[in-house]
Amino acid sequence: MYYIGIDLGGTHIAAGIVDDTGSILAKAETPTLVERPYQEVIADMAVCVRQAADNAGVSLTEACSIGIGIPGVADNSTGYVIFCTNLGWTDIPLRDELQKHIDLPIYIDNDATVAGFAESVAGVSKGSASSVFLTLGTGVGAGIIIDGRPWTGAHGVASEIGHLTMVAGGIPCTCGKDGCVERYCSATALIRMAKEACEKHPDCDILKRVGGDQGCISARTVIDSAKEGDALSLQIFDTYTEYLALAVNIIISFLDPEMIVLGGGVSHAGEFLLNAVREKVPGFLMYKALPYGAIELAQLGNEAGIIGAAMVGKINL
C-alpha cells in the first residue's frame with residue numbers, strides 16, 4: 001500500500017510517496033509561486049505528485065489516497081480550504097480542483113497537525129497515545145494527537161495554540177488579537193526581543209555578529225550568542241524560554257498529554273532549548289508533585305509534512 005503526502009507551503013510544494021510504516025520512498029518539489037491563480041498552484045501539486053511517483057517507480061494506480069498539509073484551516077466534509085493566509089486563499093475548492101488531475105480520495109489538514117501526526121507515527125512520539133506538537137517558527141503552530149489520531153475539534157481550530165492569549169493587552173498579533181502565544185514563543189518573537197535589547201545596548205554581541213545590521217538578526221544569532229555565554233543573549237533566551245515553558249504548562253494543565261514535542265526552526269537549538277524549558281516548567285505546575293508528560297525534540301524535520309499528510313490520508317480511508 002502506498003499513500004501520497006503533499007506539504008503545501010507559502011514558498012514551496014513538496015510531495016512524496018509514503019509506505020505503510022511512514023517511510024518516504026521518493027519525493028519531488030517545486031516553488032509555490034502564490035501570486036498565481038489557485039488553479040495553477042494546484043496543477044503544480046499534481047505535477048509534483050506524478051514526479052514523486054516516477055521517482056519511486058510507483059504507478060498512481062497503486063496509491064490509496066492523497067493527504068495534504070496546509071498552513072491554514074480546511075473543511076474535509078467539502079474539501080475546501082477555508083482560510084490560508086500564507087497562500088492568500090479563502091474558500092478554495094482544493095479537493096475538487098486536484099481531483100481534476102488525479103482521481104484519488106483526498107484529505108486536507110493543518111500543516112502543524114500533520115507534522116505532529118508524523119512524529120506520532122514515525123518520530124519521537126511514536127507509541128504515545130496522546131501528544132502535542134509545537135512548531136516554533138515564524139509563528140507557533142500545533143498538532144494534537146489523541147488515541148493515535150489528530151484532533152482538530154468540532155470546527156477544525158482546536159490546535160490553534162499559537163493564538164491562545166498569553167498576555168492580556170499584549171503585543172498585537174497578525175491574527176488581529178493582542179498578546180497571543182505566537183507573539184512570545186515564535187522565532188519572530190525571539191528576534192523581536194533581541195532587536196529591542198539591541199536598541200538599549202548598541203555595543204552588544206548580537207549586533208557585532210550581524211555587522212551592526214538589525215535586519216540580519218535571526219533566532220540562531222541570539223541562540224548562538226547565548227550558547228557562548230553572552231550575558232545579554234542569555235537574558236533574552238531566558239525570557240523567551242520562560243514564555244515557552246508557560247505555554248507548555250497550559251498544554252499540561254488542559255490536555256495532560258503523554259508527550260509534548262518541540263519542533264520548527266527554534267528547536268534546532270537542541271538540548272540548549274530543551275533543557276531550559278524542562279528546567280522552567282515545574283515552576284508553573286499547579287503543585288510540585290504534579291505528574292506530566294515528557295518534553296522532547298522533534299526528529300523528522302522537513303519530512304514530517306509529507307509523512308503526516310500521507311498518514312492522514314491513510315487513517316481516513
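A residue counts as buried when its relative accessible area is under 20%, as exposed when that area is over 50%, and as partly exposed in between. Pro-282 has a relative accessible area of 37%, so this residue is partly exposed. The structure described here is a predicted model. Pro-282 sits in the loop that runs between α9 (271-280) and β13 (294-297). In sequence, Pro-282 and Ile-260 are 22 residues apart. In space, their C-alpha atoms are 14 Å apart.

Strand β9 covers residues 130-136 and is mostly covered itself. Six of its seven residues are buried. Two partner strands were identified for β9. With strand β10 (residues 140-146), the pairing is antiparallel and spans seven bridges. Leu-136 stands opposite Val-140 of β10. Three residues lie between β9 and β10, and the two strands form a hairpin. With strand β12 (residues 259-263), β9 pairs in the parallel sense over five bridges. Here Ser-131 stands opposite Met-259 of β12.

The cysteines were examined next. A disulfide is a covalent bond between the sulfur atoms of two cysteines. Zero disulfides were found in a search of the whole structure. The cut-off for a disulfide is a sulfur pair within 2.5 Å. Cys-180 is likewise in no disulfide. Its nearest cysteine sulfur, also that of Cys-175, is 3.7 Å away. Cys-173 has a relative accessible area of 10%, so it is buried. Cys-180 is buried too, with a value of 0%.

Aromatic contacts were then considered. A pair of aromatic rings is described by the distance of the centres and the angle of the planes. The count comes to two aromatic pairs. Tyr-184 and Tyr-243 form a tilted pair. Their ring centres are 4.8 Å apart, with 50 degrees between the planes. Tyr-184 belongs to helix α4 (residues 182-185) and Tyr-243 to helix α8 (residues 231-255), so this pair ties together parts that are 59 residues apart in sequence. Tyr-184 is buried at a relative accessible area of 5%, whereas Tyr-243 is partly exposed at 25%. Phe-237 and Phe-272 also pair: their ring centres are 4.6 Å apart and their planes meet at 15 degrees, so the pair is stacked. This pair links distant parts of the chain, with Phe-237 in helix α8 and Phe-272 in helix α9, 35 residues apart. Phe-237 counts as buried, at 4% relative accessibility. Phe-272 counts as partly exposed, at 25%.

The second largest pocket holds about 360 Å³ of space. Its lining is made of 21 residues. Those closest to the pocket centre are Ala-74, Asn-76, Ile-108, Asp-109 and Thr-152. The elements that give two or more residues to the lining are β5 (73-75), β8 (106-110), β11 (149-150) and α10 (304-316). Which element gives the most to the lining of the second largest pocket? Strand β8 does, with four residues. By class, this lining has 10 nonpolar, eight polar and three charged residues.

Key
Residues numbered from 1 in each chain as written. Predicted model: local features only at pLDDT ≥ 70, side-chain atom pairs only at ≥ 80, totals over all residues. Heavy atoms only, no water. Buried < 20%, exposed > 50% of the residue type's maximum accessible area, 1.4 Å probe, protein only. Pairing = 2+ DSSP bridges. 1 Å grid on protein atoms, 1.4 Å probe; cavity = no way out; pocket = protein on both sides within 12 Å on 5 of 7 lines; lining within 4 Å. Points joined across faces, edges and corners; volume = space filled by probe spheres on them. Nonpolar A, V, L, I, M, F, W, Y, C, P; charged D, E, K, R; others polar. Phe/Tyr/Trp six-rings, centres within 6.5 Å; stacked < 30°, edge-to-face > 60°.
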